[in-house]
Amino acid sequence: MKQKVFSLFIVLAFLYPGTVKALQVEAVKVGFSGCYLEKNINPVSSKIFNPSNEAYDGVIALTHGIGFRNRGGKLVKEIYLPPHENKWVHFYPYFSEMTRDFSLLWGSDFRNRELVDITDSKSQQPIYFSRTDSMIAGPAKLKSYPVDFFPPMLAALDSLKNVVLDHNPRWQKVRRKVFRDWVYKGGTLHLFHDSRGDYPEFTAELSELNTPLDSFVFGGGKVFRHPRQIQSVNKSFVEEKLLSHSELNMIINPNKKQDENSNTNFNVNNRNFGGGFNYMQAFYRELRSITRPEHNWGLIYFLSIVYLLAIFPGTLIMGRKRIDYKIIYFFILGSVGIMSITFWKVGQRGYDEKTMLNVVAVAHSLDNGRYDLKAWNSAFVTSGDYYTIQNEGEGNIFTSGINQNSIILNGAGGYLKVDIPPFTSQAYTNQAVYNTGKTILEVEDYQAGENLEELKMIIKTESGIDPDHVKAIVYYNGEMYDIKTIGIRLNLNDEGVLLKQYISQRFLDNNLHFYNYNPYGNSYTSNDVSKTYDKMREPLIFSSLEVTQDIRGVQEYSNGSLNLPPVNVLRVYLYGNPLKEFAQTGQGLNEQQGRVLYVHDYDLSEKK
């Protein structure tokens, strides 16, 4: 009921804007470092001031673009702002490679606020969480971000890689849990002494970060303890200690075996990629192709010619034969009506079309059956309507592509409301944390040192994973290993191949066309649903690895170039059917199909 009232309020606010008072934007902060990371969700915080004598109680929206050049849906928030007071409002939009500007909308004329001087930051520099929200800079050599601004959803942290702390933040349970999950998923945390010379003492959900070691692995993340105060940090310390921590990171090891005959010294930027790598557009394209009907174009062309001939010269011939003009008029109207119905039947019906939600996703295991799921979706509908799409995840963040007729509410109880015409597809992305309570994979036995020598795993079928449609590959200490599937058992298949060779062979040579997005067509789609989903397995792996066009060559891969686990941590990529807990909800979207790349990390530092 509360959601319906809020949705009605949003509609009324845009239909009758005259009732909304003016606001002013005093400041804007983009990203964690003042810059955004392209093709990622980044925080956008705006300081809103209410100059009127009346309280503002309404909706404020953030949208891509400026003025009439808006792209994408409206991210909405309901706020209450007393007279002559200000408040920071936080949004979490997706920054594409094409969009550099955003607008804040509200009030009688949808007053715009252009966000200028937004620069693209691809560095993974450490971010110091300052104690207040005053925006005062922290240590001179570190970028500062107010600890009170920390997002309450894990999906908003994709652009955050390294965090520096010298105190225990006074967060509520939700934010403590999100920060813990961020480290566990692969974040890097640096701890410094406080003014008393002590390390921060974490409590509750963060107590696992109190391990009294100089450095340790936590899930797929890393924690470092530096016995000094943050004020002593200088440029050389940042470069040598905060951006280089080889005792836990796995650089693609130049001392490992090399294949002299393999061409692994490639340079991505020397290749012709057109518009560049765009996983989102590539996944959307493939998902839309699944529900693309095979029209009988020969029949359609034939009917078009018949229709044109009936109108002309058909009516001309009838006129020369002095047929009554009323009959000619009825003939024209009848031809239009009959051919309209015929085209409708031939063009849209009879192809087994049905409303279907097609999905591919990456689900990174957090622990205890919890997954951080990032899903690319394509909803094909046969009945046009204003659809409300939700799910059971925590901390939802939606992205609706370039559809201007969508409304997005992110966070708890979040949803996507979008107008989808009949027989069309709407692509969108959503990310959230799901508590399934299920274990889908178990490591039964292994032998590992610098290399992975033996590995035996078991698929837990009670989780709902179908072993007949599973494919797996693992990463360990700079190498990728193929996995052989025998029923529910997964065993190491052969020796590993260097990650740089794997990327060269699988990413560039075999799948180059997949990433070269062509907005005017696609020659690589297939009507075989299984083949289409199989084709997206390796792109999902590379998306999880964060392989981008910005990598200058394999020989330059370093700690921050790829999303890799720490040394001696096994990462399993298991590709299979989605768990039922991941299902989206929405009127008519009952039929769903797809594949999920499950990512699990296992610490093998202790030999068995």
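Here are some questions and answers about side chains in this predicted model.

Q: Which residues form a nonpolar patch on the surface, and how much accessible area do they have together?
A: Start with phenylalanine 302, which is found in helix H5, residues 297-311. Its relative accessible area is 51%, so phenylalanine 302 is exposed. The patch is made up of Leu299, Phe302 and Val306, and together their accessible area is about 250 Å².

Q: Is the aromatic pair of tyrosine 145 and phenylalanine 149 stacked or edge-to-face?
A: The two ring centres are 6.0 Å apart, with 80° between the planes. Planes over 60 degrees apart fall in the edge-to-face class, so 80° makes this pair edge-to-face.

Q: Are tyrosine 145 and phenylalanine 149 buried or exposed?
A: Under 20% relative accessible area is what buried means here. Tyrosine 145 has 0%, and phenylalanine 149 has 3%. Both belong to one aromatic cluster that also takes in Phe32, Trp88, Phe129, Phe150, Trp171, Phe179 and Trp182. By the cut-off, tyrosine 145 is buried, and phenylalanine 149 is also buried.

Q: Over the face of which residue does arginine 225 lie?
A: Look for a ring whose centre is 4.2 Å from arginine 225. A separate case is lysine 417, whose charged end sits over the ring of tyrosine 415, 5.0 Å from its centre. For arginine 225, the ring is that of tyrosine 199.

Q: With which side chain does the side chain of tyrosine 371 make a polar contact?
A: Tyrosine 371 lies in strand E16, residues 370-381, and is buried, with a relative accessible area of 1%. Its C-alpha atom is 9.4 Å from that of glycine 393, which is 22 residues away along the chain. The polar contact, at 3.2 Å, is with the side chain of histidine 600.

Q: In the salt bridge of arginine 196 and aspartate 194, what is the N to O distance?
A: Side chains of opposite charge can pair when their charged atoms come close. Arginine 196 is exposed, at 67% relative accessibility, while aspartate 194 is buried, at 11%. Their side chains meet with an N to O distance of 3.4 Å.

Q: Which residues do salt bridges with shared partners join into one network?
A: Glutamate 454 and lysine 456 form a salt bridge, with their closest N and O atoms 3.7 Å apart. Aspartate 367 and arginine 370 form another, at 3.4 Å, and both of these residues are buried. The network that shared partners build is Arg180, Asp181, Glu208, Asp367 and Arg370.

Key. Residues are numbered from 1 along each chain as its sequence is written. This is a predicted model: local features need pLDDT of at least 70, side-chain atom pairs count only at pLDDT 80 or more; totals for chains, interfaces and linings use all residues. Side-chain values use heavy atoms; hydrogens and water are left out. Patches are made of residues with over 30% relative accessible area and no salt bridge: like charges are joined within 9 Å, nonpolar side chains (Val, Leu, Ile, Met, Phe, Trp, Tyr) within 5 Å. Accessible areas come from the Shrake-Rupley method with a 1.4 Å probe; for residues, only the protein chains shown count as cover. A salt bridge is a side-chain nitrogen of Lys or Arg within 4 Å of a carboxyl oxygen of Asp or Glu. Helices (H or I, at least four residues) and strands (E, at least two) are DSSP runs, numbered from the N terminus. Buried means under 20% relative accessible area, exposed over 50%, partly exposed in between (1.4 Å probe, protein chains only). Rings of Phe, Tyr and Trp (its six-membered ring) pair if their centres lie within 6.5 Å; planes under 30 degrees apart count as stacked, over 60 as edge-to-face and the rest as tilted. A charge sits over a ring if NZ of Lys or CZ of Arg is within 6 Å of the ring centre and within 35 degrees of the ring normal. A polar contact is a pair of N or O atoms within 3.5 Å; within protein, one must be able to donate a hydrogen and the other to accept it, and residues adjacent in sequence count only if both atoms are side-chain atoms.
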